[in-house]
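The following exercises are to be worked through with the sequence and the structure in view. Each task is followed by a solution in steps.

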Amino acid sequence: MPEFEFVNVARPGDEKRHSTTIRRHVMRDIGKSRRKPQKKKRGHVILGEGDAEADVIEEEAEGSGSSKAVVRSNPMGDSTLHTTLYPTDMDEERMNLLRFMVNEARATYRPFRFPWLSMGLSDAAAWYITMANAVILRTSEPGSKKREFSSNPEALKWYTLSLASTTKRLADPAESDSEGLIVAVTGYICHDSSIGNFDRFCIHMEGLQRIIEKRGGLNTLSSPFLRMMISWYDMAGATYFNTKPRFDVLDGSIQEIDTGSDSQYLEHLLRSWDEDCPSLGDVMDALKATAAVASYINRRPEDSDFWTDDVTAARLLSPAFHEILSLEGRPLPEDPSDPQYSGTAAREAFRRAALVFLASIKVRMGAGAYEMERHLDAFRQISQLPLVNWGVVPELNLWAHIISAMQEEIPNRAWHVLTIVGIMETMGLQTGTQALDIARGIIWVNDIDDGKSGLLCREIDSYLEASMLQESEAIPIDPQLDALPRNFGS
């Protein structure tokens with residue numbers, strides 16, 4: 001069992017007075033860590049691995065070799081619930097709600113739960129929104145879709161208290177850009193994202209952006225977890241609306257990834273692009289970033305807990321999302337005979353397929369991906385454009401259609417199968433297995449397959465068999481054969 005040593009942090013900045021105690025405690029227990037420590041790289045933020053028992057995050061100071069400790073309070077031990085310092089008064093009713101929240105967090109993994117529980121202790125408005133979420137979870141059926149706070153009077157009460165506290169402080173020049181206020185607004189954004197209310201999400205995110213810009217930027221926030229969560233939800237909104245993210249890629253994101261030989265085939269395809277098709281040039285880096293994500297996941301140890309390691313997943317996915325979403329949109333030429341017509345369509349197909357691929361990783365890690373249907377719908381429209389020559393880099397067009405088709409419901413992917421078969425014909429492929437093998441060699445993660453590739457493969461083969469049968473039945477019969485005797489050749 002881990003041993004905990006608590007320090008009293010009443011306001012941001014107090015943690016520096018306890019840094020010696022914290023670091024001594026961490027160094028004593030580090031040998032008992034359940035995971036191998038990651039190697040630190042200069043200028044990188046070494047965040048937790050989603051471990052609820054971690055008390056401290058160490059962040060290397062930018063431009064120096066020194067480190068600073070950032071306290072993360074730990075409300076997860078039931079024996080410490082009565083000794084934890086809360087931002088509001090806690091009577092027995094509220095403690096019961098807190099116990100439910102802690103027990104539910106232990107039993108059910110939800111991304112970013114532990115970082116949020118820790119940050120929620122730093123501010124009254126943030127704690128109220130935490131209580132509101134706990135009420136919604138306590139009154140919901142297991143596996144059901146998360147509901148609005150207005151659906152429950154008790155949850156609405158907590159939400160109203162949080163909004164009142166936030167509104168009051170926004171009007172106070174001394175509090176209007178405080179880190180506690182930013183934590184509370186991030187809580188609203190988290191809830192909006194979790195229920196798919198992206199209209200309200202935009203309102204809260206725009207307000208948060210103004211507060212952060214007033215402070216001087218995201219890096220002025222002292223909590224690396226807070227910076228990470230804001231960046232993650234910024235990405236959630238950007239992927240949903242298909243827009244450029246509001247904030248830059250965070251320091252400490254996983255960007256330098258050694259893919260070894262994993263990306264050899266993709267690199268070969270990118271080098272082979274025809275110089276007469278400049279429409280595809282700027283999408284190369286986006287595809288390489290997506291392939292790097294796949295390689296990182298595929299190369300992790302078998303006993304890795306990546307799919308429940310929310311912090312590492314956020315650090316990994318964010319740079320790839322940034323690369324894809326930062327690409328400028330291009331209008332499709334009206335004339336299909338325009339040399340840029342097919343290249344522009346292929347470029348957008350690759351971009352949307354990469355977003356679908358990353359969204360499927362989010363789904364696998366339990367984060368949800370409301371953007372998935374929007375990108376699938378966009379890909380459907382691209383796939384059905386008239387007179388597109390999908391033979392422009394056929395291997396990548398095949399990959400894009402397979403990735404999107406795997407995430408579609410069967411009734412919606414008939415056109416995908418038709419297009420896949422057409423591309424296969426230009427490549428001389430004869431079976432679905434051959435087509436899937438090509439796609440697996442480009443960008444692929446087995447853990448997000450879940451049997452979908454097998455179903456798609458059978459659909460492709462069924463279509464090919466039906467087409468061959470139809471062609472054989474359509475072969476004209478020589479009318480002179482009708483004149484031959486019935487026992488001819490016997």
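**Exercise 1: The setting of one residue**

Glu-179 is buried, with a relative accessible area of 12%; buried means under 20% relative accessible area, exposed over 50%, and partly exposed in between (1.4 Å probe, protein chains only). This is a predicted model, in which local features need pLDDT of at least 70 and side-chain atom pairs count only at pLDDT 80 or more, while totals for chains, interfaces and linings use all residues. Residues are numbered from 1 along each chain as its sequence is written, and side-chain values use heavy atoms, with hydrogens and water left out.

Task: State in which helix Glu-179 is placed, and with which residues it is in contact.

Solution. 
- Step 1. Glu-179 belongs to helix α6, residues 179-195. Helices (H or I, at least four residues) and strands (E, at least two) are DSSP runs, numbered from the N terminus.
- Step 2. Neighbours within four places in sequence are left aside; Glu-179 is then in contact with Arg-215, Leu-221, Ser-222, Ser-223 and Leu-226. Contact means heavy atoms within 4.5 Å.

**Exercise 2: A salt bridge within a network**

Solution. 
- Step 1. Arg-380 and Glu-408 form a salt bridge, with the closest N and O atoms 2.6 Å apart.
- Step 2. This pair links distant parts of the chain, 28 residues apart: Arg-380 is in helix α13 (residues 371-383), and Glu-408 is in the loop between α14 (394-407) and α15 (414-427).
- Step 3. Both Arg-380 and Glu-408 are buried.
- Step 4. Through salt bridges that share partners, Glu-373, Asp-377, Arg-380 and Glu-408 are joined into one network.

**Exercise 3: The whole chain**

Task: How many helices, strands and salt bridges are found?

Solution. 
- Step 1. The chain has 17 helices and three strands.
- Step 2. The whole structure holds 21 salt bridges.
- Step 3. Of the chain's 490 residues, 50% count as buried.

How values were computed
A salt bridge is a side-chain nitrogen of Lys or Arg within 4 Å of a carboxyl oxygen of Asp or Glu.
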